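Reader: Please take one part of this model and go through it closely. I would like the surroundings described along with the part itself.

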Amino acid sequence: MLAAGLLSYAGFSALCLAMERHHQDMLGRRPSPSRKVQLRVAGWALLALSLWVSVLSAGWAMGLVRWTAVLMGSAVFLVWLLPYRPRWALVLAAAGLLLGLLAAVARW
């Protein structure tokens, strides 16, 4: 469940970075149109990967329930963090991506 949570946080962060306002807050510049598309694809891919990890660990019935809870938790945490510390959100997303992938690989 930890891997799914970290991957979903990284996915939501990528989707946030695809928006001009959040990209400006976190990185100090506007994203190019191709960068927006890349971030959207990466965000949705990370959310799908978190679903896959959750379903593999708990089966379809409980995996979907856990994934929904993880999505809500990571989204609330990101929404809480963005207005106050947008750069921390970016650093935590990078760390979450690395640790989430390591946790997913270590499980199998």
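**A buried serine and the helix packing around it**

S74 lies in helix α3. The model is a predicted one. With a relative accessible area of 7%, S74 counts as buried, because the cut-off for that is under 20%. Leaving out residues up to four places away in sequence, S74 touches G5, S8, Y9 and F12. With S8 there is also a polar contact, 3.0 Å between the two side chains.

One of the residues touched by S74 is Y9, and Y9 belongs to the largest nonpolar core. This core has 11 residues, including C16, L39, L78, M26, A89 and A93. Two or more of its residues come from each of α1, α3 and α4. M26 is in contact with L17, L82, P86, R87, A89 and L90, its neighbours within four places in sequence aside. Another core, apart from this one, has 8 residues, among them A4, L7, L46 and A104.

Helix α4 covers residues 86–107, 22 residues in all. From first C-alpha to last it reaches 31 Å, close to the expected 32 Å. Its buried residues are P86, A89, A93, G96, G100 and A104. Seen down the helix axis, these buried residues fall within an arc of 65 degrees, so they line one face of α4. An α-helix has 3.6 residues a turn, so residues three or four places apart point the same way. The buried residues of α4 pack against α1, α2 and α3. On the face turned away from the buried side, α4 carries the exposed residues R87, W88, V91, L98, L102, V105 and A106.

Technical notes
Residues numbered from 1 in each chain as written. Predicted model: local features only at pLDDT ≥ 70, side-chain atom pairs only at ≥ 80, totals over all residues. Heavy atoms only, no water. Helix = DSSP H or I, 4+ residues; strand = E, 2+ residues; numbered from the N terminus. Expected span 1.5 Å × (residues − 1). Buried < 20%, exposed > 50% of the residue type's maximum accessible area, 1.4 Å probe, protein only. Arc of directions from axis to C-beta. Contact = heavy atoms within 4.5 Å. Core = buried A, V, L, I, M, F, W, Y, C linked by side-chain atoms within 4.5 Å. Polar contact = N/O pair within 3.5 Å; in protein donor to acceptor, adjacent residues only side chain to side chain.
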